[in-house]
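Dear colleague,

Please find below the structure for your records. My notes on what was found in it follow directly after.

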Amino acid sequence: MDKQGRLLEIGPTDNTSDQRTPRQRLRLIPEAARASFVSFAPARAMSRQHEADMTRIAPGRPRAKGQPIEVTGTLRSETGRPVAGAMLEIWNANTFGRYTHSEDHSGLPLDPNFLGLGRVVTDEAGRYSFWTISPGAYLARPDIGRWRPKHIHVSVTGGSSRLITQMYFPGDENNASDPMAILMGDAFERNIGQPYETPDSDVELGYRFDVVVGGRNATFFE
């Protein structure tokens, strides 16, 4: 008999989230099949140095509008082991709340000096760091007046897995009504970046966001 796992909860959603959530219980992939999986990520992921600075579209170009921030943290397994060599891809809206994407039809201003895309690779201790512009909130559901709070998307790729999560900001007035935050419940605190001062960096504020893959204290992934 096939082993079955948890049933994913479907809470209040935006856009197509409800359509992408399985209605049936997840099934555990047999060990023999898991062992045969081939990694689709390069054995040695690479990123260019300037990709960690999302506040500019290229070195020497003007800085984007808004508050420049730093995000740092570690990537660890459920046992606390650092995960080295993992690729983190980051994207977020600009200071006005608009993405540089063809499907963003919000009408909010674009910033010619902000693409909102970056990549970094974790070091031997599982650490990562990048700069970006603090994103703006945006009206995700005009029909019901639901706003999405400030957030940064983080994709983690390592081995044969790719997981996507979001870092939220403390004190945002729209956090409590966010669909993902509601689904997370008390675990939402794990997805909030913790602010710190950056007196020695060319950014206004820093946020620590540690990512844990697996286990009871895992970061919430989409």
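I begin with Thr74, which touches Gly126, Arg127, Tyr128, Arg208, Phe209, Asp210 and Val211, leaving out residues up to four places away in sequence; contact here means heavy atoms within 4.5 Å. Thr74 is located in strand β1, where helices (H or I, at least four residues) and strands (E, at least two) are DSSP runs numbered from the N terminus. With a relative accessibility of 8%, Thr74 counts as buried; the term stands for under 20% relative accessible area, exposed for over 50%, and partly exposed for what lies in between (1.4 Å probe, protein chains only).

On provenance, this is a predicted model, in which local features need pLDDT of at least 70 and side-chain atom pairs count only at pLDDT 80 or more, while totals for chains, interfaces and linings use all residues. Residues are numbered from 1 along each chain as its sequence is written, and side-chain values use heavy atoms, with hydrogens and water left out.

Overall composition

The protein chain contains 3 helices and 11 strands. From the N terminus on, the order of its elements is α-α-β-β-β-β-β-β-β-β-α-β-β-β. Of its 222 residues, 37% count as buried. Among contacts between residues at least 6 apart in sequence, 64% join residues at least 24 apart. The chain exposes about 13,100 Å², of which carbon and sulfur atoms supply 52%; accessible areas come from the Shrake-Rupley method with a 1.4 Å probe, and for residues only the protein chains shown count as cover.

Strand β1 and its partners

Strand β1 is largely enclosed by the rest of the structure, because 9 of its 10 residues are buried. Strands are said to pair if DSSP finds at least two bridges between them. β1 and β4 pair in the antiparallel sense over 7 bridges, and the bridge partner of Glu70 in β4 is Trp131. β1 and β10 run parallel and are joined by 4 bridges, with Thr72 opposite Arg208 in β10. Another 3 bridges join β1 to strand β11 (residues 211-213), also in parallel; here Leu75 stands opposite Val211.

The loop between β1 (68-77) and β2 (87-91) holds Gly80, which is partly exposed at 33% relative accessibility. Gly80 and Val213 are 133 residues apart in sequence, and their C-alpha atoms are 9.3 Å apart in space.

The open sheet

An open sheet is formed by 4 strands in the order β3-β2-β7-β8, with antiparallel pairing. Its edge strands are β3 (117-121) and β8 (161-168), each of which pairs on one side only. Within this sheet, neighbouring strands are turned by 20° against each other on average, direction ignored; axes are lines fitted to C-alpha atoms, for helices over the stretch in contact, and angles run from 0 to 180 degrees between N-to-C directions. The antiparallel strands β2 and β3 are joined by 5 bridges, and Trp91 has Leu117 in β3 as its bridge partner.

Nonpolar cores

A nonpolar core is taken as a set of buried Ala, Val, Leu, Ile, Met, Phe, Trp, Tyr and Cys residues joined through side-chain atoms within 4.5 Å. The largest has 20 residues, and those with the most contacts inside it are Val71, Leu88, Tyr128, Phe130, Ile152 and Met167. The elements giving two or more residues to this core are β1, β2, β4 (127-133), β7 (151-158) and β10 (205-208). Beyond its neighbours within four places in sequence, Phe130 is in contact with Ala52, Met54, Ile69, Glu70, Val71, Ile90, Val120 and Ile152. Another core of 6 residues lies apart from it, with Tyr168, Met180, Ala181 and Ile192 among them.

Salt bridges

A salt bridge is counted when a side-chain nitrogen of Lys or Arg is within 4 Å of a carboxyl oxygen of Asp or Glu; the count comes to 7. One of them joins Arg63 and Asp202, whose closest N and O atoms are 3.7 Å apart. Arg63 lies in the loop between α2 (31-35) and β1 and Asp202 in the loop between β9 (194-196) and β10, so the pair ties together parts 139 residues apart in sequence.

Two residues touched by Thr74, Arg208 and Asp210, also meet in a salt bridge (3.0 Å, N to O). Arg208 is partly exposed at 38%, and Asp210 is partly exposed at 31% relative accessibility.

With kind regards
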